[in-house]
Amino acid sequence: MFLSLGFLLLSLGLVYWALGPGRAWGVQGLRTIAVHPWGFAGVVGGLYLCYALGAGLGLADPQLAAHWSELAGLFGRLQPSRLPLSAGGIFLWNWSLGLLLTTCLPGLLFGLPSLGFNALRNLILGLLLSPPAIGWHLFLLQIPTALFELGGYALGVYGSMLLLFERGWQPGAYSRILSRMGAVLWLATLALLLAAWYEAFSIG
């Protein structure tokens with residue numbers, strides 16, 4: 001009960017911050033994206049393509065998709081009666097493991113490790129969430145989740161790639177880029193929050 005209430009309050013707090021005190025940070029994140037539109041489009045498009053390739057692999061080999069999905073046990077862990085707690089668990093997992101540990105931290109090495117990790121993850125997720133693995137109904141229901149969740153990761157990757165796009169190895173450039181990278185990661189956090197609530201609702 002307390003955990004559910006805590007995450008509900010955290011969600012409301014993040015929304016309030018995004019619309020109020022943190023609005024300037026969000027604007028800075030959007031402006032940072034606009035600096036390299038083709039780089040952003042390439043990163044996002046490439047990562048979504050990896051997800052589509054995974055789904056295509058699942059369609060081509062349904063037994064492989066069903067086997068991997070059964071091993072992962074993706075949809076057996078959420079309880080409809082504990083919706084905020086479910087959304088909180090999804091958000092915590094995606095933000096800590098997905099955004100922080102496998103995107104932001106490796107991304108400090110000029111973005112390339114982050115790009116590699118996320119390309120592989122999207123390929124695997126596409127396979128695990130392909131129609132033969134979870135059925136067409138759930139597949140269609142999870143499309144918004146994929147758009148927002150993978151979009152959040154893609155924002156994190158783009159933020160990391162700024163270190164490469166803007167030559168972060170030059171004197172003084174690395175620390176300057178990190179502040180703009182943080183603004184993009186704020187947008188990624190909001191995308192993951194929206195994805196977590198939708199996923200909890202849709203599965204519940």
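**A loop and its surroundings**

Modeller: Phe110 is partly exposed, with a relative accessible area of 27%; that class lies between buried, under 20%, and exposed, over 50%, as judged with a 1.4 Å probe and protein chains only. The model is a predicted one, in which local features need pLDDT of at least 70 and side-chain atom pairs pLDDT 80 or more, while totals for chains, interfaces and linings use all residues. Residues are numbered from 1 along each chain as its sequence is written, and side-chain values use heavy atoms, without hydrogens or water.

Phe110 belongs to the loop between α5 and α6. Helices here are DSSP runs of H or I with at least four residues, and strands are runs of E with at least two, numbered from the N terminus. Although Phe110 is not a glycine, its phi is positive, at about 60 degrees. Arg167 likewise has a positive phi, about 55 degrees, without being a glycine. Arg167 is found in the loop between α8 (143-165) and α9 and is partly exposed, with a relative accessible area of 48%.

Leu108 counts as partly exposed because its relative accessibility is 34%. Together with Trp93, Trp95, Leu97, Leu100, Leu101, Leu105 and Leu178, Leu108 forms a nonpolar surface patch with about 710 Å² of accessible area. A salt bridge would be a side-chain nitrogen of Lys or Arg within 4 Å of a carboxyl oxygen of Asp or Glu. Areas follow the Shrake-Rupley method with a 1.4 Å probe, and for residues only the protein chains shown count as cover. Helix α5 supplies the largest share of the patch, six residues.

The whole structure contains nine aromatic pairs. Rings of Phe, Tyr and Trp (its six-membered ring) pair when their centres lie within 6.5 Å; planes under 30 degrees apart are stacked, over 60 edge-to-face, and the rest tilted. Phe7 and Phe91 make a tilted pair, 5.8 Å centre to centre with 45 degrees between the planes. This pair links helix α1 (residues 2-19) with helix α5 (residues 83-107) across 84 residues. Phe7 is buried at 7% relative accessible area, and Phe91 is buried at 9%. Phe7 also pairs with Trp197: their centres are 5.6 Å apart and their planes at 25 degrees, so this pair is stacked. Because Phe7 lies in helix α1 and Trp197 in helix α9 (residues 173-203), the pair ties together parts 190 residues apart in sequence. With Phe201, the residues Phe7, Phe91 and Trp197 form one aromatic cluster.

Conventions:
Patches are made of residues with over 30% relative accessible area and no salt bridge: like charges are joined within 9 Å, nonpolar side chains (Val, Leu, Ile, Met, Phe, Trp, Tyr) within 5 Å.
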